[in-house]
Amino acid sequence: MRKSLKVKFAVSFSLMIFVALFMFTACLYTYNVSIPRITKYTNSLSELNEFRSNFEEFNSTIEEYLSGSSTDLETCEELSQTLKGLWENIDTEYANSDDEVQASLVKSITLIYTTYIDQIQVLIEMENQTEALQQYTNLYSDNRIQIENNLEKLIAYNYKISSANLDETYDRVQMFQILVIGSFTILFLIIVTLFRMILKDVVKPIQQLARQSQQIANYDFDVENVKVRTKDEIASLVSMFNHMREKLQLMFNSNIKSLQMAEELMVQIQGNEELEKYVEYQKDLNDEIFKEANVDHLTNLMNQNAFIHCTDENIRSIDKNELCALFVLDIDNFKSIDATLGEGADEVLKYTANEMNKAFKDCGFIARWNRDVFVGFISGLPNEEFPYQKCKELNSAMNIHFRYKKKFHPISASIGVCLCTNPLNCENMFQIAQEEVRNVKGAGKNGYHVRSLLEV
């Protein structure tokens, strides 16, 4: 069953998104549920402990005041108001509690505390502090002790409940932490698998195809078939490439055998006129095929591919210290020429080809690169001034008013040259020369510029 790369990537990314969403949900639950619960339990115990501490301080302050020490009545009043506010908060918090023990303890403390505060207020207002202290010690200290005992019970009970709830919350958080770690591991494995799939099933086969294509382009068919284990678009591409290579190899071998047979027949039967005509026909046919592949039909110059091949072969064969120059001639305003002269534009191209032939006849070779661009290559230049002379010669020949069927149109050319030793390849030199052509056109056209890459 064929599995498309699109489906594989879609499934992988869907799994990644699903796992990432689960991790986000787990983290969100931990933050929105667990943290508030922990905060609630902590704040509850904190309020009770704060009330207990302030209650003890209040009792100590009352005893000091009734004993006639330096503590004043204002301090007692402030502590009383503080305790009142704290207990109102606690009482409100536990008012709707479903826990009977908590509700009972809070209710008991509230009743006793209200009575206790009223009693303390009466004692504070008594003029005889000695008698007030004696009543506080003999009559009202029991209420204080009951409040303290009930408060201790409430704190201990809340601590017990909070510990249990916190343990439950911790267990849930720990479970979600484990799930998040597991999800992260799964996500990591998915990413690693996806990366390996891309590297193994896509990148590696394409690299093999690129290498083998380069070998086949150099007529080297001694390559093994590319093998893939998947059944997707890459597998289809590899299968078609292997099939094409086999067909090309058969055609190449068949042509080689045909040529060998023709040569053998020419040697064995030189007197056979019909055979000679056949061989001549094959030769003409091969010449036509070669011309079709390498010659520009309009100007009979080499085309771009043939020029690149010849130039690169020339570069490989020359000494690295030899001066070389690649010329790029671009006809100025060719669109205007084409619009004015019509079919005469082709005559302009033929005229340009003829002038290029004259200029490069005894020193190099030329080609038509594209519609209105011509190129030439010279190796073994006698000196650095030679390219400048050729540019002047070509500019002079191209700067005319061209006539076609009683129509005239001024023509000119912009020329760029790359002058160097030990060049890399044709396309590298062409790019440099083409850049100089653009510079000439930017400066007003109908001129030339030579870029020398020679070391100063």
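Modeller: In this predicted model, aspartate 296 and arginine 368 form a salt bridge whose closest N and O atoms are 3.1 Å apart. The pair links distant parts of the chain, 72 residues apart: aspartate 296 belongs to the loop between α6 (273–294) and α7 (304–317), and arginine 368 to strand β2 (residues 364–370). Aspartate 296 has a relative accessible area of 15%, and because buried means under 20% it is classed as buried. Arginine 368, at 10% relative accessibility, also counts as buried.

A second salt bridge joins the side chains of lysine 441 and aspartate 332, at 2.9 Å from N to O. Lysine 441 is in helix α11 (residues 426–442) and aspartate 332 in the loop between β1 (323–331) and α8 (334–341), so the pair ties together parts 109 residues apart in sequence. Aspartate 332 is buried, with a relative accessible area of 2%, whereas lysine 441 counts as partly exposed at 24%. Asp332 and Lys441 also belong, with Asp330, to a network of salt bridges.

Arginine 371 forms a further salt bridge with aspartate 346, where the closest N and O atoms are 3.5 Å apart. Here the loop between β2 and β3 (373–379), which holds arginine 371, is linked to helix α9, which holds aspartate 346; the two residues are 25 residues apart. Arginine 371 is partly exposed, with a relative accessible area of 38%, and aspartate 346 counts as partly exposed at 28%. By the distance rule applied, the count comes to eleven salt bridges.

Key:
Residues numbered from 1 in each chain as written. Predicted model: local features only at pLDDT ≥ 70, side-chain atom pairs only at ≥ 80, totals over all residues. Heavy atoms only, no water. Salt bridge = Lys/Arg side-chain N within 4 Å of Asp/Glu carboxyl O. Helix = DSSP H or I, 4+ residues; strand = E, 2+ residues; numbered from the N terminus. Buried < 20%, exposed > 50% of the residue type's maximum accessible area, 1.4 Å probe, protein only.
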